[in-house]
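Please read the numbered points with the sequence and the model side by side.

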Amino acid sequence: MSVIGRDPRETVFERFARHVSSGKAKFFRQAGIDFVIGRREGVYVWDLEGSRLINCHCNGGVFNLGHRNPRVVAALKRALEELDIGNHHLVSEHRALLAERLASICPGDLNRVVFGVGGGEAVDTAIKLARGFTGRPGIISAAGGYHGHTGFALAAGDAKYSAPFVPLPPGFTQVPFGDLEALEEAVKGGAGEETAAVIFETIPATLGMVIPPEGFFQGVRELCDRHGALMIIDEVQTGLGRCGAVWGIDTYGVAPDILITAKGLSGGIYPITATVYSDRLDAFFEENPFIHVSTFGGAEVGCYAALEVLDILEEEGFLEHVREIADVFSNGFRELRDRHPRVLLETRQRGLMMGLKMANDLCGPLMTLAGFRRGILTIYANNDTSVSQILPPLIIEEAQARQVLESLDAMLSDLESNA
Ligand SMILES: Cc1ncc(COP(=O)(O)O)c(C=O)c1O
């Protein structure tokens, strides 16, 4: 018997409103969105009532390998025959194996790993390590960036999400993304050499899929080196093949001191995240091995599933496929810009990390709505709602990519007729 669809959609909505989130249920009702995910397979999700969408949201990259990738599902089932989460205090065979594997695909000397459950937790760990290692308080991040909703991650993100929770931890400063002069001022600022770390998403998704200017990350690296600050790169969305290389930051030829990976590492099947850091920072955790622990972080069954995710990522042809499909989108976007110059101002893309910058702040929400009618699940960038984020699964086939482009064409026409 199926575990999906026990009750009709309306009953699910009412139960959700009563016991999970009245606010979300109200928001979706008011927007006229009654979609409740039921079946899911590959690039598709189905509503409980059976209508089908191509998932171009993918929870920000969780479903890079599609929904319920059969290999990852099989790996988890195998793991469940013998493993459980393990013990986070003890030496662990599977945490060690996954850490070794992550080290082998990370740039520079990023050979050490702290595991977590969520992306925010992994960001918090990175910031703790930066402060612990340098003994400095300052953390600089991008205005309008997003690193999650936990403690330090929240303080590094946009005030929109943190304002009700003041006072925030001190020491956080924000600069415009891509502005090296402002960054230099901030790094030097305050009482001298106070900056522990600079943290950026490789491509800030919530800020609107902003592509960094030429030379930006080289500049960040140099500034950090000059001032003894650490460079933290949040690869939660851009990592694991999304940009056409293993890490988005690889495409800029720069190695950070700390790299954070989350979402896609789970294969969408078992939550697991990792904060990967340079050998030279290890002195801090060597002296304080129990100062940071996470009961479920790096659960052994999750490690086993993540190893399968990395096997797929490293298979011959995987990244080539991402780059080929990226070309299909790039050509398609050119046509869309020609066909819809009034609403589509700019397309932003690095591999399959993609965004459509449109004429005004209403366009993103309207595109999301139009997507439900036209067969695409896509969301807008919450810190620039004129941008629709387009994140298809990396395993999407060319014919499906063309279908997405056709839908986007129809959605942009819907927008024009609304304008
Ligand atoms: C760039 C980035 N960093 C961190 C996070 C936080 O991840 P999580 O929701 O797993 O805590 C997200 C989540 O969307 C993200 O997009």
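1. Five aromatic residues, F177, F200, F216, F217 and Y252, are linked into a cluster by ring pairs. The coordinates come from a predicted model, and this applies to every point below. In total, the structure holds 14 aromatic pairs. One of them joins F200 and F216 in a tilted arrangement, with 5.4 Å from centre to centre and 55° between the planes. Because F200 belongs to strand β7 and F216 to helix α9 (residues 216–227), this pair ties together parts that are 16 residues apart in sequence.

2. Strand β5 (residues 138–142) deserves attention next. Five of its five residues are buried, and the strand is mostly covered. In a regular strand, side chains alternate between the two faces of the sheet. In β5, G138, I140 and A142 point one way, while I139 and S141 point the other way. Residues on both sides are buried.

3. Which strands pair with β5? Strand β7 (residues 195–201) pairs with β5 in the parallel sense over four bridges, and strand β6 (residues 172–175) also pairs with β5 in the parallel sense over four bridges.

4. The ligand site is the next subject. The residues around the ligand are G118, G119, G120, Y146, H147, G148, E201, D234, V236, Q237 and K263. A backbone N or O atom of G119 lies 2.8 Å from a ligand oxygen atom, and for G120 a backbone N or O atom lies 2.7 Å from an oxygen atom of the ligand. D234 contributes a polar side-chain atom, which lies 2.7 Å from a nitrogen atom of the ligand. Taken alone, the ligand exposes 390 Å², of which the protein buries 79%.

5. Two arginines are placed over aromatic rings. R39 lies over the face of W46, at 3.8 Å from the ring centre. The charged end of R52 is positioned over the ring of Y44, 3.8 Å from the centre of that ring.

6. The peptide bond from V166 to P167 is cis, with omega near 0°. P167 is found in the loop between α7 (159–162) and β6.

7. Which residues other than glycine have a positive phi? One of them is C58, with phi near 55°. C58 is located in the loop between β3 (52–55) and α3 (70–82), and it counts as buried because its relative accessibility is 0%. M209, which is not a glycine, also has a positive phi, of about 55°. M209 lies in the loop between β7 and α9. With a relative accessible area of 0%, M209 is buried.

Key. Residues are numbered from 1 along each chain as its sequence is written. This is a predicted model: local features need pLDDT of at least 70, side-chain atom pairs count only at pLDDT 80 or more; totals for chains, interfaces and linings use all residues. Side-chain values use heavy atoms; hydrogens and water are left out. Buried means under 20% relative accessible area, exposed over 50%, partly exposed in between (1.4 Å probe, protein chains only). Helices (H or I, at least four residues) and strands (E, at least two) are DSSP runs, numbered from the N terminus. Two strands pair if DSSP finds at least two bridges between them. Rings of Phe, Tyr and Trp (its six-membered ring) pair if their centres lie within 6.5 Å; planes under 30 degrees apart count as stacked, over 60 as edge-to-face and the rest as tilted. A charge sits over a ring if NZ of Lys or CZ of Arg is within 6 Å of the ring centre and within 35 degrees of the ring normal. A residue is near a molecule or strand if one of its heavy atoms lies within 4 Å of it. A polar contact is a pair of N or O atoms within 3.5 Å; within protein, one must be able to donate a hydrogen and the other to accept it, and residues adjacent in sequence count only if both atoms are side-chain atoms. Accessible areas come from the Shrake-Rupley method with a 1.4 Å probe; for residues, only the protein chains shown count as cover.
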